[in-house]
Amino acid sequence: MLTDDWMQGRFVSLTPALPRSSAAPLVPGWPTRSIVLGCDYNPEQWSPEVWADDTARMRELGIDLVAINIFGWAHLESEPGVYDFAALDTVIGLLHEAGIRLNLGTGTASPPPWLSRLHPEILPQSAEGVTAWPGGRQAWCPSSPVYRERSLALVEQVAARYGRHEALALWHVSNELGCHNAHCYCDTSAEAFRTWLEARYGSIEALNASWGTAFWSQRCRDWADILPPRTTLSAGNPAQRLDFRRFSSDAQLEQYRAEAAVIRRHSTAPITTNFMVTAHIQALDYFDWADDMDLIANDHYLDHRLTDPIAELAFSADLTRGIAAGDPWMLMETSTSAVSWQPVNHAKGEGELERTVIGHVARGADSICFFQWRASQRGAEKFHSALLPHAGATGPAWQRSVELSALLDRLEPVVGTRVVARAALVFSWESWWATGADTHPSGLLRYLDEAHRYHRALRRHGVTVDMVRPGDDLTGYDLVIVPTLYAVSDVAAAIIRDAVSTGAVALITPFSGIADDSDAIRLGGYPGAFRDLLGLVVDEFRPLAERATVSLESGATASIWTEAMSTSSAEVLDRFVDGPAAGLPALTRAAVGAGAAYYVGTVLDDLGLDALIGRLCGEAGIPTRSLGDGVDLVVRRGDDREIVFVINHRDEAVTLPLTGRDLVTGALLDGPAEIPAGAVRAVLSERSDRGA
Ligand code: GLA
């Protein structure tokens, strides 16, 4: 536990040997020794002599779970309808003998070359009409009936053969659905888009109204007039684009559902697929997918194109937990060191593997799996790191894998506990999509950047935040952050209003509540959905040029966005000193019922953000700690225990008061503890308030 004022001292000191967590295992009926350690395994890339060595080494490393048959299609079905499972049988047999459980791929991620030779119509097309050819992976149109039929025939074979296998723990449908083929603009997709729109709107009149086709002579007479948003000469119709995003997410989900339905006829094992909750992928609204998953699994790799890849990891892990509705989740893929798909592929530094892995565990992951087991010798990923490097089971890289496995064993008491958060951040794929339109007041106000800014500021204060979807119940949260919720339904806006009137403190940031969920402007003054709640009206947006800044009376600096607002019931807390909104309000607070609704009409610098977060947490009664960037402080709690995670990514020590047994080093801590540069702590203590 964190001692002093943290969590109001509700915990007694340590009991060194707590029993194993009583929580249900992540995968029902699947006993594991601790946090699950797993990996992707691609035995088809290696000759059979290597396989026995692989399973022996996996045992040595303590691998619990192996994802296989992810890219197996061309091996299993070498010509149409001719299946050969001999090699897969052998590999599964070896893994089973070694006591390793299967995370069994349906094998549909990448079709064999013969399928697109016989049916080139399955190949996806870009908005410009360019065909994506085989030679890479995932070259299939998500709406192709031919691909659907052939892929389900394969799933039928795989599920019938292995659906009741003793070693089967989990089904892994396809692989990173939508990674490369999320948006297909071919004629088949156009037809499927029309069908999807008919189901959504019922009549062409309703579609015309919703899309605002009165504008620029876009009125459709017939469903056949409708196309996907292919390349246009001028800006396209934003409502059409938003619906195409929705349709494309649903089209991938349909593929998942179709494969899962086939599996279910043969198997009771849990089914999932690996999400890509990460900064540069926005195609799928995973909140929509969650109910179809037996457990939520995510792939995450550090993205060194970002200014703070570690902060993005924290964001992504929190968002994955949000999709999992707070339940423990699985990190289905990460890397031991460098990837091979960024412009510069950075190796992980000293201790970084441990810090990044524990970063996911701290934020709710109960399983850690790597891409991949053995580094490939050939192919597009041969420079990607792996648990077993090119050098073999020797040298520092292998040693790091061994040490990580031992560390995960020591984290056993964490399994099944849940992350504690009193703050929520409302995250919306639809607003992410809609805010990205190229005809908005400023292309510099980017949805994801805005969400990240607030997440980072909360993290700097040691405040853990749950990510919730618009419309989710906000009961129990003392602080609600609403970054740039541009397009919002009446229901979602009402839930935020209710949370405030019953006592929460909410912060709404610029360009929120502007449109409804069909991307039509809410009339009567911005921000339509939140105007009454906030007690103000924004008359005009006054965005700033790139790199321009303005000053605020408080001394803070801001950039990207200003606006001309007038207040009614809101109190003005800060004003612009200069810039296009000089003298006008920049930060406001309205007392509403038992709570308060804050509004910030600009993008504050870190100093301004920190002051604001400090104020909001103070009013919401959430304890903070000035940790600064580069430190994670997260608490997981079970019925009888809590674990305080501290991850110091910085190159200097940090000191925090900690009491309990550190699962990382075994040390007993009681009082101010120095966490050295780069070190990780997971401090276990007993809860004194069981059942409270
Ligand atoms: C993704 C894929 C894997 C592999 C890794 C490499 O996560 O699912 O097949 O390509 O990326 O980082």
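## A buried helix

A residue counts as buried when its relative accessible area is under 20%. By that cut-off, 15 of the 15 residues of helix α10 are buried, so the helix is largely enclosed by the rest of the structure. Bear in mind that we're looking at a predicted model here.

So what does α10 look like end to end? The helix covers residues 309–323, and its first and last C-alpha atoms are 21 Å apart, close to the 21 Å expected for 15 residues at 1.5 Å a residue. Just after α10, alanine 325 takes a positive phi, at about 55°.

## The sheet

Now for the strands. Nine of them make up an open sheet with parallel pairing, and the order reads β7-β6-β5-β2-β1-β11-β10-β9-β8. At the edges sit β7 (271–272) and β8 (274–275); each has a single partner strand, so one side of each is left without a neighbour in the sheet.

Zooming in on one pair, β5 (residues 101–105) and β6 (residues 168–172) run parallel and are joined by four bridges. Within this pair, asparagine 103 has leucine 170 of β6 as its bridge partner.

## A helix across two strands

Which strands does helix α11 lie across? They are β10 (329–333) and β11 (365–370). The helix itself spans residues 352–362 and runs at about 140° to β11.

How values were computed: Residues are numbered from 1 along each chain as its sequence is written. This is a predicted model: local features need pLDDT of at least 70, side-chain atom pairs count only at pLDDT 80 or more; totals for chains, interfaces and linings use all residues. Side-chain values use heavy atoms; hydrogens and water are left out. Two strands pair if DSSP finds at least two bridges between them. Contact means heavy atoms within 4.5 Å. Axes are lines fitted to C-alpha atoms, for helices over the stretch in contact, and angles run from 0 to 180 degrees between N-to-C directions. The expected span of a helix is 1.5 Å times one less than its number of residues. Buried means under 20% relative accessible area, exposed over 50%, partly exposed in between (1.4 Å probe, protein chains only).
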